[in-house]
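Good morning, and thank you for making time for this presentation. Please keep the sequence and the structure in view while I speak.

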Amino acid sequence: MIPEDLDPALVRACLRTARFGRSLDVRAETGSTNDDARAAAEAGAPDGHVVVADAQRRGRGAHGRPWSSPPGRDLYVSIVVRPPSFALPALAPLTLAVGLGLARAVAIFVSKERVRVKWPNDVLIDERKCAGILVETSSLGERAGPVVIGIGVDVGREQFDEDLAPLATSLRLAAGHALDRASVLAAVLSMVEAEVDRFFAGGLPEIVREIESILAMRGERVECGSARGELVGLAPSGALRLRVDGSEREIVSGSPKRLGPR
Ligand code: BTN
């Protein structure tokens, strides 16, 4: 059964978007909402079609990791986006646009000074992860086909497994009170829609500048893949800039980890 706080009529009543969520599929439980959204896209679902589930059996995170998806508390959301004519490689920084929108949505519920984007796909509150993004693309020849934007937000979780506890938080823990999932979902969809539209309208340079101002670990020593150095910021392309042995390197994949002082 779909829980009351994710009732489709309630979610629709909260929506303030033009397209995202106007076509909506809410499920009590599923394998992965990204798979459902991909299947819906292949069956002709419109741009902005959204799949939401109360629980996932096989939630996927970045780098092939599982995404813990128990029922009753958090948000598991996937959005179908049909890009305008776009070369597939040019889609790589779309994750940053989604991250900026997601950070703006989180900042509605806790003060914005506490919110950061950890390149390339995490949103943090007080340095702890509260949300993650998994963008899955498809190709039509050399052009981009429908994209699935997967978003997981820890909304109501009050406890994390021992290994995650020092690194993770939820909106509830950070805000100090309960939040309803329909309102959080509506905020996420409207802020992410705005940034995705800006991205496809050529707004990547502004998106990158705005993310830089809330970029986690800026100025700190980090390790990303085999590179170790100071996290300087972002390149206009959205790549991560590291200062390694006095010269700058642009990193296009991986996930930076904080290193102690040298
Ligand atoms: C990450 O930070 O590792 C990305 C997490 C993405 C999780 C979401 S939950 C909704 C959608 N369905 C999935 O299987 N994964 C994404």
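This is a predicted model: local features need pLDDT of at least 70, side-chain atom pairs count only at pLDDT 80 or more; totals for chains, interfaces and linings use all residues.

A residue is called buried here when its relative accessible area is under 20%, and exposed when that area is over 50%.

I begin with the aromatic residues. Both Phe86 and Phe199 are buried. For Phe86, the relative accessible area is 17%, which places this residue among the buried ones. Phe200 has a relative accessibility of 18%, so Phe200 counts as buried.

How many aromatic pairs are there? The count comes to 3 aromatic pairs. In one of them, the ring centres of Phe86 and Phe199 lie 5.8 Å apart and the ring planes stand at 40 degrees, so this pair is tilted. Where do the two partners sit in the chain? Phe86 belongs to the loop between β3, residues 75-81, and α3, residues 94-106, while Phe199 belongs to helix α5, residues 181-200. The pair therefore ties together parts that are 113 residues apart in sequence.

Phe86 also pairs with Phe200. Here the ring centres are 5.1 Å apart and the planes are at 90 degrees, so the pair of Phe86 and Phe200 is edge-to-face. Phe86, Phe199 and Phe200 together form one aromatic cluster.

From helix α5 I turn to its neighbour in this account. In general, two packed helices are described by the angle between their axes and the distance between the axes. The axes of α5 and helix α6, residues 204-212, come within 7 Å and cross at roughly 130 degrees. That angle makes α5 oblique to α6. Which residues make the contact? On the α5 side they are Glu195, Arg198 and Phe199, and on the α6 side Leu204, Glu206, Ile207 and Glu210. By class, the contact of α5 with α6 has 3 nonpolar, no polar and 4 charged residues.

Helix α6 also packs with α3. The axes of α3 and α6 are 10 Å apart, at an angle of about 50 degrees. That makes α3 oblique to α6. The crossing of α3 and α6 is left-handed. In α3, the residues Leu96, Ala97, Leu100 and Arg104 meet Ile207, Glu210 and Ile211 in α6. The contact of α3 with α6 divides into 5 nonpolar, no polar and 2 charged residues.

Next, helix α2, residues 33-42. Is α2 largely enclosed or largely open? Of its 10 residues, 7 are buried, so α2 is largely enclosed by the rest of the structure. The buried residues are Thr33, Asn34, Asp36, Ala37, Arg38, Ala40 and Ala41. They pack against β1 (24-30), β2, β3, β6 (128-136) and β9 (147-153).

At 16% relative accessibility, Asp36 counts as buried. Leaving aside residues up to four places away in sequence, Asp36 touches Arg27, Thr30 and Val51. The C-alpha atoms of Asp36 and Ser68 are separated by 17 Å, and these two residues are 32 residues apart along the chain.

I finish with the backbone. Most residues other than glycine have a negative phi, and most peptide bonds are trans. Which residues are joined by a cis peptide bond? Trp119 and Pro120 are joined in this way, with omega about -5 degrees. Pro120 is in the loop between β4 (115-118) and β5 (122-125).

His63 is not a glycine, yet its phi is positive, at about 55 degrees. His63 lies in the loop between β2 (50-56) and β3, and with a relative accessible area of 52% His63 is exposed. Asp245, likewise a residue other than glycine, has a positive phi near 50 degrees. Asp245 is placed in the loop between β12 (240-244) and β13 (247-251). Its relative accessibility is 74%, so Asp245 counts as exposed.

Thank you for your attention.

Definitions and conventions. Residues are numbered from 1 along each chain as its sequence is written. Side-chain values use heavy atoms; hydrogens and water are left out. Rings of Phe, Tyr and Trp (its six-membered ring) pair if their centres lie within 6.5 Å; planes under 30 degrees apart count as stacked, over 60 as edge-to-face and the rest as tilted. Helices (H or I, at least four residues) and strands (E, at least two) are DSSP runs, numbered from the N terminus. Buried means under 20% relative accessible area, exposed over 50%, partly exposed in between (1.4 Å probe, protein chains only). Axes are lines fitted to C-alpha atoms, for helices over the stretch in contact, and angles run from 0 to 180 degrees between N-to-C directions. Angles under 35 degrees count as roughly parallel, over 145 as roughly antiparallel, 65 to 115 as roughly perpendicular and the rest as oblique. Contact means heavy atoms within 4.5 Å. Ala, Val, Leu, Ile, Met, Phe, Trp, Tyr, Cys and Pro count as nonpolar, Asp, Glu, Lys and Arg as charged, and the others, Gly among them, as polar. A crossing is left-handed if the near helix is turned anticlockwise from the far one by less than a right angle, and right-handed if clockwise.
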